[in-house]
Amino acid sequence: MNSTSETIHTKTNRTKRETIKEAVVEIVSDSGEGAQKCGQSLGIISAKMGNGVWTVEIIPAEIQPPARSKEGASGIRVRMGSNKITNMGDHADMVVALNEQVLYGRIDQNAYKPGTYLLIENKWATHTEETQKAYKESLERFTALGYIIHEIPMEQECLKHVSDARKGKNMWVLGLLCNIYDRDLAMAADQIKDIFRKKSEQVIQSNLDLLHAGYAWAEDNLPMHFTIPSRLSEEDFVVMNGNEAISLGVMAAGIELCSMYPITPATSATHGMAETIESAGGIIHQAEDEIAAIGFAIGASYAGKTAVTITSGPGIALKTEFIGLAVMAEIPLVIIDVQRGGPSTGLPTKVEQGDLLSVLYGAAGDAPKIVLAASTIEQCFHYVILARKLAESFRTPVFVLTDANLATGVQPFPRPKIKEEWFTGPIDQSPWKEGVKAYDWDAQTGLSQRPFPGQKGGMYTLTGLAHDEDSHVAYDPAINQRAAESRSRKLAALGQTLKSPVVHGDKTGDLLLVGWGSTRGAIEEAVERAREKGAKVSSLHLHFLSPMEPGLKAIFAKFKKVMTVEINYSDTIGNPLITEENRRYAQLAWYLRAHTLIDIDCFSNVYGQPLSPIQILKMLEKELDLTLTDHT
Amino acid sequence: MIALQPDFCDIKMPEVHQYGVEDYASSKARWCSGCGAHTILHSVQKLCEEEQLAPEKTVFVSGIGCSSRFPHYMKTYGFHGLHGRAFPVASGVKFRRPDLNVFVITGDGDCCSIGAGHWVHAIRYNMKMVVLLFDNSIYGLTKKQTSPTSPIGTVSNTHPRGSILPPINPIQATLGLPNVSFVAQTVDWKPAHLQATIKKAYEHPGLSFVRIVQRCPVFMRDTYEPTVKDPDAITVLHHDEGIVLEEDALKKFRHVESHDPSDIVKAREVAELVKETTPIGLFYQNKEASRYDEYGAHNLGISVEDRIEAINSLMDRYAV
């Protein structure tokens with residue numbers, strides 16, 4: 001095997017390669033053909049080589065949707081570059097399609113441009129009469145759209161190595177792409193060994209054969225060969241998706257109970273920790289429903305065990321009453337919401353930032369809680385640790401918002417060094433200080449210490465009813481007002497410790513874009529590209545949404561216009577019946593307008609796709625009346 | 001207790017605090033006069049005293065409803081949470097705190113209606129805790145609506161012409177669930193039986209489900225008064241392995257039937273036969289049923305160093 005790869009390397013060195021700064025690659029297939037595994041591997045190999053990487057998955061709604069269908073497209077996009085990559089980019093440069101039909105959905109989503117290479121499995125050209133016809137028609141249409149088509153005998157080539165080409169074609173494609181983009185073949189082989197580490201030696205070997213065969217085929221048969229320079233960092237890096245980062249974050253936060261109910265796209269955060277968490281001092285409880293999942297976590301937290309519950313929008317809706325209880329009775333809890341398209345069942349596998357207002361205001365009455373939003377994969381890790389700490393210090397539930405884009409997006413980041421102080425000590429079982437009440441609200445901060453079961457003399461009955469400092473049911477109306485003030489004051493106390501956010505770009509200008517969550521990379525890249533062309537645009541990204549980061553009004557005042565960029569719904573003025581007066585704003589815009597009394601505009605949509613820099617640039621062209629893109 | 005002479009030797013005896021019933025009593029209960037919950041409260045406080053439960057190691061978890069005010073009247077830790085959700089909270093308390101004594105106080109609306117899903121799963125989890133279902137067959141706190149255990153034809157504010165559906169039989173339903181390990185029934189107006197049942201439930205190594213038929217003198221006077229006064233209304237299920245009453249106490253019951261609590265098939269038959277009389281006693285017990293709280297406690301006490309090592313070894317898999 002070694003000799004094979006050496007031979008190929010020698011050959012590669014003879015190939016003339018075009019140096020490029022970055023490339024966007026897609027692998028698209030029917031569900032179950034391993035396209036994602038192929039793309040993830042490509043991403044990991046590139047990260048290992050020191051390239052910047054971002055991957056985003058293309059996931060159909062069903063496990064086994066109809067084959068060769070537009071809706072059934074399953075796959076992945078990998079953007080790799082010489083510099084740090086923070087988003088999925090604009091149009092794909094190179095697409096590998098295991099059948100031609102799955103491309104239609106991507107074309108509708110404007111994922112490709114004239115000049116995009118389409119490498120299409122050619123076995124359909126000799127398939128049933130109906131399929132042949134569809135294949136031929138599609139290729140004609142694709143050519144007309146300006147794509148560069150290469151028909152590739154993937155099935156035929158794979159059958160030289162395996163009896164069932166469906167199993168293994170993805171690794172042949174990986175070899176193909178490794179050749180096209182000058183990826184390190186030894187790293188690719190290591191990746192295969194890791195993927196199939198639980199399989200037999202024979203399985204590993206046949207996949208390695210496929211990898212090398214794909215590599216060699218591209219070398220001999222394709223005209224396009226690139227290289228993407230990289231620099232290896234001295235620092236240790238890890239590469240993972242947002243849900244995996246949450247998994248590690250939960251364990252590194254010293255959390256002792258992860259209580260959940262399966263829901264897309266949040267569940268894989270639990271898969272990532274399932275094998276390890278019990279050795280890391282925690283345990284997963286799969287509850288009977290979403291309500292029980294949070295109730296169980298709240299019970300554990302009440303008893304002094306650190307707890308998290310992980311869910312998505314519909315789960316948050318079900319948990320709302322318990323969230324209100326956790327606020328009312330001041331129970332620390334980390335709640336992770338991996339947002340997806342809503343309302344209702346909505347778009348389970350697609351991205352949306354649609355839960356901000358429901359998380360802030362979903363409960364009955366006034367239920368102030370801390371809300372953080374991660375904007376990078378790295379933050380998905382660190383924010384769980386921060387949230388756990390805040391939950392205990394402020395005796396309150398803390399939300400960490402992420403979304404489907406972060407959940408499945410893969411990005412390298414510096415390897416976190418796990419610190420002992422991230423873990424809690426044993427539960428305090430010493431006698432409770434005499435005379436201190438269960439809710440001894442500090443007049444300045446609203447903060448109080450809580451007794452844990454087991455502490456002599458600390459006995460109290462926690463209640464969701466309005467209660468006084470002793471946790472006794474409040475029959476005096478003044479108590480409710482005082483208690484509500486204390487809970488709200490905790491947020492003000494935390495707000496005092498926060499810094500003003502930093503503007504990306506100049507601190508004054510024509511337009512300030514304000515975002516939150518996973519859109520940060522796309523917004524900042526768009527702003528940088530627009531600024532290169534002279535646009536006076538800057539951006540600001542919020543990470544604390546409750547309490548709000550301070551100083552926003554002063555920052556906003558330096559710009560002629562402020563506009564949020566979000567992936568959620570807002571009315572567009574000019575659409576039937578929509579006016580300045582009745583327009584419904586995007587969620588952050590709504591919130592910031594109330595917060596600052598500034599006439600903040602918004603750009604948002606619910607196509608269920610991550611925002612690309614070009615979408616934002618096109619919006620900026622209209623807003624600023626400038627030409628900022630090549631293809632308008 | 002054996003009294004030691006103070007000058008018997010030089011070794012100082014550790015001071016052992018002996019809890020009295022009053023050590024478990026908090027504020028005065030605010031239930032209506034004549035409500036069966038008062039009797040149950042006294043029985044539970046008596047159990048705590050008999051078992052010398054450390055108040056700080058004891059947690060009463062309840063939902064919402066008349067009965068769920070119970071934790072406020074105990075001088076232990078308490079959790080008066082949400083309607084129907086006592087089970088998940090109590091399970092969460094117990095899962096990683098095997099040192100705590102956990103009691104669930106729930107009512108017929110709380111357990112058998114809004115919280116029915118949790119009831120099913122709590123039985124299956126079979127964590128060590130005592131569940132007391134205060135079943136008065138009516139929604140009391142919201143002022144007389146039909147409950148899932150209201151007898152058919154019950155006139156209530158939601159069914160002024162009488163309730164339509166046959167009631168849920170909580171004993172029958174519980175006996176049908178997987179991993180069920182302890183099912184008993186008693187009535188609030190037979191204190192000796194109530195006390196013996198609660199004690200037996202406390203001793204059970206798993207989840208003990210006790211339905212207590214409870215009087216509501218305000219909204220269900222006509223349903224309970226004849227039952228309370230009728231010596232034929234109750235049949236005692238008697239067995240050496242069941243709820244054992246002293247002979248004098250047993251003699252007070254007109255109907256006594258032998259029932260072996262290890263026989264689940266017979267238990268289900270007896271549960272279904274609720275027609276003329278109410279059977280009280282231990283329907284079923286299985287001390288060997290698997291317990292989820294044992295799983296929850298299996299990895300407590302791992303050192304921080306070992307935890308960090310486990311996380312780091314997973315992180316290695318993502319290293320580039």
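This briefing describes a predicted model with chains A and B. Residues are numbered from 1 along each chain as its sequence is written, and chains are lettered from A in the order in which they are written. Because the model is predicted, local features need pLDDT of at least 70 and side-chain atom pairs count only at pLDDT 80 or more, while totals for chains, interfaces and linings use all residues.

**Confidence**

- Chain A averages a pLDDT of 95, and 97% of the residues score at least 70; pLDDT is the predictor's confidence in each residue, from 0 to 100.
- Over residues 1-12 of chain A the pLDDT is below 50, and this stretch has 13 contacts in the model beyond near neighbours in sequence. Two residues are in contact if their C-beta atoms, placed from the backbone, lie within 7 Å.
- Where pLDDT is low, the predicted coordinates should not be read in detail.

**Chain A as a whole**

- Chain A holds 20 helices and 22 strands. Helices (H or I, at least four residues) and strands (E, at least two) are DSSP runs, numbered from the N terminus.
- The C-alpha trace of chain A spans about 85 × 60 × 50 Å along its principal axes.
- Of the 632 residues of chain A, 54% count as buried. A residue is buried if 20 or more other C-beta atoms lie within 10 Å of its own, exposed if 12 or fewer, and partly exposed in between, with C-beta atoms placed from the backbone.
- Among contacts in chain A between residues at least 6 apart in sequence, 77% join residues at least 24 apart.

**His541(A)**

- His541(A) lies in strand S19 (residues 537-542) of chain A.
- His541(A) counts as buried because it has 23 C-beta neighbours inside 10 Å.
- Leaving aside neighbours within four places in sequence, the contacts of His541(A) include Ser375(A), Trp516(A) and Arg520(A).

**Where the chains meet**

- The contact takes 55 residues from chain A and 43 residues from chain B.
- On the side of chain B that touches chain A, H11(B) gives the most, with eight residues.
- The residues of that side of chain B divide into 22 nonpolar, 13 polar and eight charged. Ala, Val, Leu, Ile, Met, Phe, Trp, Tyr, Cys and Pro count as nonpolar, Asp, Glu, Lys and Arg as charged, and the others, Gly among them, as polar.
- Strand S17 (residues 461-463) of chain A runs parallel to S2(B), joined by three bridges; two strands pair if DSSP finds at least two bridges between them.
- Thr461(A) has Gly78(B) as its bridge partner in S2(B).

**Strand S7 of chain B**

- All six residues of strand S7 (residues 182-187) of chain B are buried.
- Phe182(B), Ala184(B) and Thr186(B) point one way from S7(B), whereas Val183(B), Gln185(B) and Val187(B) point the other way.
- S7(B) is joined by four bridges to strand S11 (residues 278-285) of chain B, and the two run antiparallel. In S11(B), Tyr284(B) is the bridge partner of Val183(B).
- With strand S8 (residues 207-213) of chain B, S7(B) pairs in the parallel sense over five bridges.
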